[in-house]
Amino acid sequence: MSKRDYYEILGVAKTASDGEMKVAFRKLAMTYHPDRNPGNTDAEIKFKEINEAYQCLSDSQKRAAYDRFGHAAFSQGAGQPGGPGFGNEFGDFMSDIFDNFFGDGRGGAQQARGGRTAAPGRERGADLRYSLEISLEEAFTGKAETIRIPTSITCETCAGTGAKPGSKPRACQTCGGYGRVRAAQGFFAIERTCPNCHGRGEIVDDPCATCAGAGRVNRERTLAINVPAGVDDGLRIRLAGEGESGLRGGPSGDLYVFLSIKPHEFFQRDGADLFCRVPISMVTAALSGEITVPVIDGSQTQVRIPAGTQTAKQFRIKGKGMPVLRAREVGDLYIQVFVETPQNLTKRQRELLQEFDRTASDETHPESAGFFSKMRDFLGGFGGAARQ
């Protein structure tokens, strides 16, 4: 029985690109996969046929031979699609099908498959976190900070190889230096970490005495950090490559410095603006006056308080707040006043206040007069309704 044309099996033209063929293959493979068609012999035959066609046409050399000679190009069986020479590729394609069925849950195998060009066993170092607390003044001006962190660094004795000086690791014979082994059974290919080298791809017969073959040692490092002006609480600074050194010469991780700002005795921050709550005397609030208030840069400024100022009155001082990070802008300073009630009065002070109270009128306390007038009307309405 003559074989069907491979292009016809995949449903693509002879001019189809590799990407178009891959899309067609995945769609058909998903449709006729044995797991989706249990007990269906026809689906199993079609699945084998689809896989054989794609195995040939996805290889540029085999495709060229097929375009020229057709099925006769593989009549001797050497390198025939679906034959022994296709073991690894078939496992890769089956893995692609599993990715479509089960999502990205097989990320480890994907990375191993996609990272063949990278040296096996070279693991990236872990990222590190460091918490740094600074004052609001330091956040205003910025600062250069030196920190000390315990971390793992590349072993200088073996230069990260893990092998004793004068020797070097040898390639693992079990996995051929790949770090992973593949087992095929029927339509399925399973890839797992090599049990002999534990994914390293190499064996250290004579380990370094300093690092015991790990390729890195624990040390405390001193790093200089530049904290820019205008940083806010919770900001994260990333120092690339300053984390733990990688295993067996792998790349280093990153260091993340998380900033926190200490509470200030005068100022509360809201973005680039600062707020300062300042007490004023009853006399200053009633008669007007001038108060001196602090500024975050260490200076001070004067604020004019008009007569009749009430608690919670806010005064804005432009350009005296925090700088905006990486911008030429500066926030404002807001002075919030509250009128302080006098305490520990002398006899004379009490007499004066009592005299003032006797001579006070609604014009002296307009808010109080207005409130109690409305309250009487409100309560009177309830009383009127009750009498009816």
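This is a predicted model: local features need pLDDT of at least 70, side-chain atom pairs count only at pLDDT 80 or more; totals for chains, interfaces and linings use all residues.
Is Phe371 buried or exposed, and at what relative accessibility?

**Entry 1: Phe371 and Phe372.** I looked up Phe371 and found 53% relative accessibility, so Phe371 counts as exposed, because the cut-off for exposed is over 50%. I then looked up Phe372, which has 41% relative accessibility and therefore counts as partly exposed. For the two rings I recorded centres 5.2 Å apart and planes at 80°, so the pair is edge-to-face.

**Entry 2: aromatic pairs.** I asked how many aromatic pairs the structure holds. I recorded six aromatic pairs.

**Entry 3: position of Tyr7 and Tyr66.** I located Tyr7 in helix H1 (residues 6-10) and Tyr66 in helix H4 (residues 60-69), so their pair ties together parts that are 59 residues apart in sequence. I noted both Tyr7 and Tyr66 as buried. I also noted that ring pairs link Tyr6, Tyr7 and Tyr66 into a cluster.

**Entry 4: charges over rings.** Which residue lies over the face of Phe338? I found Arg277 there, at 3.9 Å from the ring centre. I next looked up Phe315 and found Lys313 over the face of its ring, at 5.9 Å from the ring centre.

Notes. Residues are numbered from 1 along each chain as its sequence is written. Side-chain values use heavy atoms; hydrogens and water are left out. Rings of Phe, Tyr and Trp (its six-membered ring) pair if their centres lie within 6.5 Å; planes under 30 degrees apart count as stacked, over 60 as edge-to-face and the rest as tilted. Helices (H or I, at least four residues) and strands (E, at least two) are DSSP runs, numbered from the N terminus. Buried means under 20% relative accessible area, exposed over 50%, partly exposed in between (1.4 Å probe, protein chains only). A charge sits over a ring if NZ of Lys or CZ of Arg is within 6 Å of the ring centre and within 35 degrees of the ring normal.
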